[in-house]
Amino acid sequence: DLVTGGAAGRRRSGEVTPVKRWGLLAATALPILFLTLSRGSAASTEEISVLCIICGWRGTSDAILNIALFLPFGVALGAFGRSASVAFLAGLSFSVGIELMQFVIPNRSPGLGDLIYNSLGSGLGALIFLNRETLSAQGNPRLERRFTAAWGTFGLALLTFQAWLLGPAIPDRGHRLDWTPVTDYAMRYEADVLGTSFAAADLPAGDVPAGHPVYAEIGSSTEIGVEFRAAEWPFGIAPILRLRRGEIDDLFIGLDYRDIIVQYRSRGMALRLDRPYPRWPRGARTWAPGDTIELRMSGIGDGIELAHSGGSIVPDSPKYDPGPVRITIPTARGWGFLMYPRWAARVTPKPLDFIWMFMLALPLGIWGVVGMSTRFAVAWIAALYLLPFVFPLVGPSLYGALAVAMAVPLGLALHFVKGNPEPFKWWKPFHTLYDSALAGSPPTAEIDSPAPVGGHERGSTTREEDEGEER
């Protein structure tokens, strides 16, 4: 009895078996190897030093992503009972091997910064695992309220910060204007540009001197125009008009097949974050090769409006409007500051908006403070719709609002199940998997015995009661 009781106690305590530990470690290490040792999609045009800490024009985004990539690996090390410092050193050793192999992999850029952020991610993951009971705040109303209030406030601040990051940050000197340029990162649009104008004044291609009115017009609602003879739609991103400072694009008006896109240097880009950019879906669908198109755009600072004329293709929708059309970036598109690849921007941005806000909102309910979680959920949804009144470059997000409205009740339900498992014990897989996910313990084949009644578990007896029954 002592032996079997001890084994059952260990299983109930959530001890991770060696097989599961190594399985968890492999499950977290293999994706890292796949993502870091596969061939890069394209060669970088930037000269990046091996000793750099924040590397490249989107170095801050890469740093955050590297930390997030190694977090699960650190959690797996925490399951081995390793401390955060040991996990940090293990992540450092793992990263050194990866960076050395990247020297011989095409289109990969090893660097000192990767070693630092990978190690930080490993240490942080182990720290989270080892303090999971405190972070769950289960049964501690004071911590639950504090964590809910902190996360709710953080979410409101993050949504506001995201909208602020989209504001323009274009320097006022040292630019060059290019018409349908040849670049290392985009296709060339084979159109003939006839002329461009800023505030109704002609601006030819070439160097733009400091103090030119164009710098003031970009940050206002004054019209920027370009006239050109259209070519075939490009099967990729292609610039029509490009204002650059060195090799950095500060304004980019172009096409992505039949979508019209506008890229510009934002505050987020100045902080070395990736840049989500607005687009007009199928805005160029009435253009035919040889058509003389007049494309007009308002300045960036007061919001972007696009309009065009001259297309000869009959629109496929009677409601098609050649402009002016206001194009914005949804308030829920914060994931775009970390990584905004073309496939995500063109094909699946709204589902990713939903996933981003769902992941942000789920912790609001996990701590189980119903009233406070509900109030913050309403505040988040209100922010998704009210921020466009303050920041003209963002627009409301229905997908983000739906994500918050679904995630918070789900988090509250999970908290209820965790604290009151009795009604759900009839379905063993749900109960065991849920306990494993939230408590950090592996699924077991047993179900804990019911809650004690009167100081003893139901069905259990004391030695005195047994002797009385025998007598």
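P324 sits in the loop between β11 (304-309) and β12 (325-327), and the peptide bond that leads from G323 to P324 is cis, with omega near 0°. Strands such as these (E, at least two residues) and helices (H or I, at least four) are DSSP runs numbered from the N terminus. The model is a predicted one, in which local features need pLDDT of at least 70 and side-chain atom pairs count only at pLDDT 80 or more, while totals for chains, interfaces and linings use all residues. Residues are numbered from 1 along each chain as its sequence is written, and side-chain values use heavy atoms, with hydrogens and water left out.

**Positive phi in loops**

- R272, in the loop between α9 (267-270) and β9 (279-280), has a phi near 65°, a positive value in a residue other than glycine.
- R272 is partly exposed, with a relative accessible area of 37%, where buried means under 20%, exposed over 50% and partly exposed in between (1.4 Å probe, protein chains only).
- R282, in the loop between β9 and β10 (292-297), is likewise not a glycine and has a positive phi of about 55°; its relative accessibility of 30% counts as partly exposed.

**Helix packing**

- The axes of helix α11 (residues 349-366) and helix α12 (residues 370-390) come within 9 Å and cross at roughly 155°, which makes α11 roughly antiparallel to α12, a term for angles over 145 degrees.
- These axes are lines fitted to C-alpha atoms, for helices over the stretch in contact, and the angles run from 0 to 180 degrees between N-to-C directions.
- M357, L360, A361, L364 and G365 of α11 meet S373, F376, A377, W380 and L384 of α12, contact meaning heavy atoms within 4.5 Å.
- The axes of helix α7 (residues 141-165) and α11 come within 8 Å and cross at roughly 155°, so α7 is roughly antiparallel to α11.
- That contact joins T148, W151, G152, L158, L159 and Q162 of α7 to W356, M357, L360, P363 and L364 of α11.

Terms used. Angles under 35 degrees count as roughly parallel, over 145 as roughly antiparallel, 65 to 115 as roughly perpendicular and the rest as oblique.
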